[in-house]
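I opened my notebook to get to know this structure one chain at a time. Here is what I looked up, in the order I looked.

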Amino acid sequence: MLTLPCPFCGQRDETEFLNAGPTKPARPSSDVTDSEWINWLTVPENPVGYVEEKWWHAKGCGKFFTIKRHTVTHQIMMPEEDSA
Amino acid sequence: MTHNPFRQKAGGRIDRNSCVEFEFNGKRYSGYKGDTLASALLANGVFLNARSFKYHRPRGIMGAGVEEPSCLVELLGADAGGNYAATTVQLRPGLKAKSVNCWPSPSFDLMSINQLFARLLPAGFYYKTFMWPNWHLFEPSIRRAAGLAAAPDDQIPYQHFETRYWHGDVLVVGAGSSGLLAALIASRSGARVMIVDDHPLPGGCLRSSQTKIDERPAIEWAEAVCAELDANPEVTRLQDATAWGYREDNLLMVTERSPAETHVFQRGWKARAGRVILATGAIERNLVFANNDLPGVMLASAVQTYYHEFGVIPGRHAMIFTNNSSAYSLAHDLQAGGTMIAGIVDSRPSNAIGAEKDGLDIPLYAANQLQAAHGGKHLRAVTIRAADGSTKRVDCDLLAVSGGWNPAVHLFSQARGTLAYDDALASFVPDKAMQRLACVGAAAGKMNLVSAIADTLSTVTACLSEDNFKPSAFSLPSFTALPDYHLQPLWHVDGMKPGDKAFVDIQNDVTLDDIGLAMREGFDTVEHVKRYTTAGMGIDQGKTGNVNVIGNIAKASNKKPDEIGTTTFRSPFTPVDFGSIAGQRNGATVLPFRHTPITQWNKDRGAVMYEAGARWQRPGYFPINGGNMQDAINAEAEAVRYGVGVYDGSPLGKFDISGRDAAAFIDLLYTNDFADLEIGMGRYGIMLSDDGMILDDGVTFKLAENHYLMSTSTGFADVVFRHMEYLLQIECESWQVWITPVTSQWCNATICGPKARDVLEALGVSIDIGNDAFPFMAMREAIVAGTPARICRVSFTGEVSFEINVWPRHAKAMWRRIMEIGAPFGILPVGSETSHVLRVEKGFLSLGHEVDETADPYDLGMDWIMSRTKTHAIGRRSVDIRRSSGKPRRELVGLMPKTGGELVAEGAPITPNGDRVASEGFVSACVWSVVNKQIIALGLLTDGRARIGETIIIRDRERVIDAVVTKPCFYDPKGERLRG
Amino acid sequence: MGRFSAFSLAWNALSHHQKWARYWQNPPLAKKYDVLIIGAGGHGLACAHYLAKNHGINNVAVLEKGWLGGGNIARNTVTIRSNYLRDESIPFFVKSVSLFERLAKELNFNLMYSKRSMIDVVQTYSKMREIRRRMMNGYLHGSSYTPIDVGELRRRVPALTGGGPDSRLPIIGAMVHKEAAVCRHDGVAWGYARSASERGVEIHQQTEVKNLLRDKDGQIKGVETNRGTVLADKVAVVVSGHTTTITETAGLSLPVKSFNLAAFVSEPVKPLIDVIVNCPDLGVYLNQSDKGELVIGGAPDAGQSFRRDMKQSVFEDAVVTMLELFPAFRRLKLLRQWGGVLDIAHDASPIISATDISGLFVSCGWWGGFKAVPAGGYTLAHLIATGQPHQVAAPFTLNRFRHLDFIVESGTTTAR
Amino acid sequence: MGYQATIKKQAVWAIFDIKGNASVVAKRVADIGLSLPSSANTAYAKNGQHLCWIGEDHWLLLAPVEMEFQLLERLDPQNSSLDCRIVHVSDAYTLFTVTGNHADDILAIASPLNTRQQNFPIDGATYTEFFGIRGLVLRWPDGYLTAVERSYADMITAYFDKITTGSR
């Protein structure tokens, strides 16, 4: 059970949050090809390492925010930090 | 008067003034307050008290704590429970216990017949047989034989469990010398501290050590430290509490077995600390020789504990077998206690044996091994083997064994820390920590008490300063020096004969031969050996045996143990009651339940309540004086069609949406246009997910420019809210839109039916509710029956409907008033079953029925709701892509099933010719229509719209039902009534 | 290799079991094979067995980065069933169950296959409707599913004392799936490995694939491992949970995400429950192993994960919901908990498919893949050998994503 | 022997949900003599009113029900032309006070919130998990005030009974 850094509330227990999945690229404009759309829709980042993802502080302040979380160690850092 | 033949005249910390009666395997015994079940049994000379898992060999007590591999008992009566190590059961008056896994008794166990077949039961034997005629023939008897204790039943009185959080700075696991010291330093530096120890009393190994601290018995120092800790309000000290799980971010799971609050039976702590100090000590391991499982063979440290803690020496004639220096302190104790010692067998060469032997006046067999133990149901003698292979038989009835010490790295390893093999200890020690923790004392591989304490001080001080505490100067107490710990690994003794049973895992009956066999058959990694032989998979999780398994795999494959590695250390450290994990939490925390102000009224009225979406409790139907469900539904439906009905629509999701970009946002969400919606009017809309599946439908009213009131289906309100917030906060950050959930701010009573307007008039309403002034899909503010209300003219029934929304504080009164005023009009409350009938007659959608995660609006015949202009609406693109495949779609149709008045099961498949082949559609809903006086149904059918008039076949298992395909609307197709 | 039987067991006993042969051989790693299978888990080993047995292809190497049978086959809850919802899914799992029922004899290895029924405990009308739908669809494809009332449920599972009229979700009915079974999961891997090895297939453990290799026209030509390069014209990636890690080395991305799914067992107790109990409304399921341990599973963790432990919050919910139906288990003890990594496809249905890279095949998206091991291996072998998907696996190719033509099974049951 | 804590379910309070740009909101609440709390998850309290800063651009005003109609007039929630949104939500919540020696224990059981002073100051007010659902928690004389969505009130009441007395 992690603690997650809510930008408004600070570190809170994971049970207050809902995971909203890995960050998607910007929604494609309507002129992209079907396969480009399908890729955007169905193919996520799935790294063994840091994944940039969204969390919703559903039982807290209601903020959606972005973090980088390591999918093996659960280490968390802010998206601007370098995961290299 | 207590008769304890193996209890010393004096000594021990038991309360000799309070005798405790207990029962074991049906016989009555007595011990003293402060005894464990194990110490009391030994004091009484009950040495044979278990049978082994597979061969049902006689077994006794080997350990003194959680490491106990052998003597498992089942508690009876009030504290019924199974598979407790006798060494961890506190003796209390009236305690009733029995051995697990043997019948009728350990001394006469019928299953011991297995021993005769022992040869036929090597590791993995079951994979090789029991195949003919099939496993089923054998399974039941095998299952009965396995399984140790009986499961707890529901007959014991309710016990209240609790879970709670703890947030602090330092959490210390283990209240031995290092743990107590760590807690003391931390608390003095102003930190909030928790210290957890799984023994009933603090002190750890100090309790059975001759060490003096500041010239006083070590235990007095421990007690003084505890007194200081207890006086500090920032310190939580838990005894008889197990830290069993180490989770992310320094979260430890702790089960406290005897909380101070009497209404709590057990408490689960979720303790999170900035820093964790693991002072979990070390666990002594066994040595591998023939019959090392005989009653009378015990761990040296255990014998020492029984002597110091309980004044018990479980034998008259002791022998010691060791490969290290630690066991000698036991020799000193026994000598002091006047027990006759037949000798010490030490596998180390005499030049390796140091100060530990000074002052001992007993035979020392240096560079010898103990080849075998002998005896039937108890140890009688041992065979000692000299370096030259010559053997000698020596009588004894107690054999104290020490194979060295394994640091208790379980929690460290659960915290993903890496382990390193230490040659000097011949064991695995903590290497790289992966969380904010430190190991101290024996847990860190520091086996010498004095140097361990010094190390603890510096380690803990360093941690505290790193965590920005100011540890005050601390002067260590002075310890009397002890001889250094020295060991030479001995993975198994030499000279064993084929068929000798030398156990590496006592509890699961895994022998040295089993490991050899596994490796011969290709199971040569430690995980394979574990899984093939089941070594280390018992309740004790191999605490005394695992390192011996690894050592022997290494020896057999000529590798170093660190090349073999360990198996994963999994939580829990020791078994814990599920109750202490759930605590007070019950179904309601996983599935919270929700009530409206009318819920109780419905129950009082005798409604059959259903679990509706989003965890609301809603009335399904209102039985009429004991009548059946269909009668009730018909009456309610007729009331709505020909008179008036009312239902509690409060659970419908409601959102207040406003802001500069509110209109644009509504347009993004819904597939149809809202731009031209007039103020005071509402419009039905459908929302899609990005996958192009229907997410929700509902009516949205325009209250003012850029101000809307959106209503959603009951079940999906939360999903829709999340969907909207996601879009706003992530994709439309620059937009100004504010969403406030107001579901619970408004309760609504929906009056529907031809007489609805009359009832509303009769209630007294401050506005003109005529059709022209207040048309279909309009919303008005008004005073109804003296109460401010919002009235909406929406209809889920196909009849004229007035949705009267009031503040919940007025809801009960309003509802009662409606029932009272409506009575002359024959008003009836309407449940969800009837709403279902009415919407099916109209062909209105229902999520979860017609919409089953595959249908899109075109399939449902709602082309009109897919705006030509709004290609950017969420989900639109995916719908277009899916339909471009040209694959035939299942379309919404009406069905007239030809059954003699019997309903068709909802979900029944429609198949070509009614054959048992892949379906071509299904019945989404089927009801008795009060207006059509017949069974009607809705369904999704491949190319359905083109097949209207056709007869299709519904296949409900053996039942084959013809049905005529119709338009999906059975009543008032033009919708004149609901607009009337 | 010697056959296994009571006689061979007795015979070997005379020589104190010194003469048993290895289950699988350990030959040197050759430079080239006809087929490479990446991953010696259930599906990979099954595929190897069927390639050799059904298609006579035995110049095959199974490459395993760790120890064979150490992936999800070693960490699942051994539930075998075919009560799915959709026409696309049911025939596949019916096939798998029928292969399972014959497997012990086919492999001459006692898998302790125990056909013991699964009972779905139903607590909401919406779930009841959906489960009835599965019953009627299953009938079309020969998967049995029979309703029983609450009284009968309590007779068949006396330990189930919760879910009464006053509970949070009173039990309203139940459904029995007769074909459901459990079996010794490790045995499945070992049995397939033993049989494949006997047929000439090579199994190479501690052999980690670092990269997929393609020739200049993009066709697959082999793999690069920690033990050097190995060539083959056909390569199958069968590494549930870690599929994308391998395929991305060839620039192939897939519509799957990796998740942690965990389970736990209680202390062993005397026989108590002789069926698999599944509670879809609460999201927990359990069965009792022959050793006496209750094996309990819940839902996956929400975030992507490649971990093999268990998220406390998910675990607690599973315990809480179990105690709703089995309140007496408050005094039962947790013995061990663990997790595995699985990759779940965008529509949560499996993928057994050729890929855009000629010669490269994938079998992934397994969520509850243990029950699918025989059919998964069987149909993957068929696909590799013939180039055509097997009829019962045809719906599960990657093509379905080209038109977002999803197979939506999610939410039909918890028991995986 | 259960916990010594008094749990009182409150009658309706006047509650307003306020969303918008801080400077605008500051002006609006100035009209009723309040100013914005200085830091996140704290409340500004004045003559019985508590203005809680519970989210980015999000405040919740709790006031005695006697003030409700006056506040309705002054805050004018119907008026959506303003550059912020004020929604009247008095009935959407049920409030409980938890006071007494063991108030902290009750909170530690109900919620994962870390209530140490350094983390949850004397004027603290925040949304957190409360018996599994979303709940607002404020410090209160000799304990805490908590608010949950009204539809859950019966469930929360049941939990309070269960944990304080150890009843089934």
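**Chain C, its fold.** I began with contacts in chain C between residues at least 6 apart in sequence: 76% of them join residues at least 24 apart. Two residues are in contact here if their C-beta atoms, placed from the backbone, lie within 7 Å. I noted that this is a predicted model, in which local features need pLDDT of at least 70, side-chain atom pairs count only at pLDDT 80 or more, and totals for chains, interfaces and linings use all residues. Residues are numbered from 1 along each chain as its sequence is written, while chains are lettered from A and ligands numbered from 1 in the order in which they are written.

Next I looked up the secondary structure of chain C, and it comes to nine helices and 19 strands. Helices (H or I, at least four residues) and strands (E, at least two) are DSSP runs, numbered from the N terminus. The radius of gyration of chain C is 22 Å, close to the 22 Å that the globule rule gives for 416 residues, so chain C is as compact as a globular protein of that length. That radius is taken over C-alpha atoms, and the globule rule is 2.2 Å times the number of residues to the power 0.38. Along the principal axes, the C-alpha atoms of chain C fill a box of roughly 70 × 65 × 40 Å.

I also checked burial: 66% of the 416 residues of chain C count as buried. A residue is buried if 20 or more other C-beta atoms lie within 10 Å of its own, exposed if 12 or fewer, and partly exposed in between, with C-beta atoms placed from the backbone.

**Chain C, its domains.** The assignment gives domain 1 (31–82 + 84–109 + 184–255 + 347–403) and domain 2 (114–179 + 258–345). Such bounds come from an automatic or database domain assignment. I found 28 Å between the centres of domain 1 of chain C and domain 2 of chain C, taken over C-alpha atoms. Across the boundary, 30 residues of domain 1 of chain C are in contact with 24 residues of domain 2 of chain C. On the domain 1 side, α3 (90–107) and α7 (243–247) of chain C are the elements that give two or more residues. The largest share of that side, four residues, comes from α3(C). I sorted the domain 1 side into 14 nonpolar, twelve polar and four charged residues. For this sorting, Ala, Val, Leu, Ile, Met, Phe, Trp, Tyr, Cys and Pro count as nonpolar, Asp, Glu, Lys and Arg as charged, and the others, Gly among them, as polar.

**Chains B and C together.** Which chains share the most contacts? Of the five pairs of chains in contact, it is chains B and C. Their contact takes 88 residues from chain B and 74 residues from chain C. By class, the chain B side has 39 nonpolar, 24 polar and 25 charged residues. I then saw that strand β31 (residues 576–577) of chain B and strand β17 (residues 333–345) of chain C pair in the antiparallel sense over two bridges. Two strands pair if DSSP finds at least two bridges between them. One partner I wrote down: Val576(B) is bridged to Leu334(C) in β17(C).

**A helix in chain B.** Which residues of helix α20 (residues 756–763) of chain B are buried? They are Ala756(B), Val759(B), Leu760(B) and Leu763(B). Seen down the axis of α20(B), these fall within an arc of 100°, so they line one face of the helix. The arc is that of the directions from the helix axis to the C-beta atoms. The buried residues of α20(B) pack against β40 (747–752), β41 (779–784), β43 (801–806) and α21 (808–822) of chain B. Just after α20(B), I noticed that Gly764(B) takes a positive phi of about 95°.

**Chain D.** Here I counted four helices and ten strands. Buried residues make up 53% of the 168 residues in chain D. Turning to its neighbours, 32 residues of chain D are in contact with 33 residues of chain B. The largest share of the chain D side, six residues, comes from α4(D). No contact joins chain C and chain D, whose closest C-alpha atoms lie 10 Å apart.
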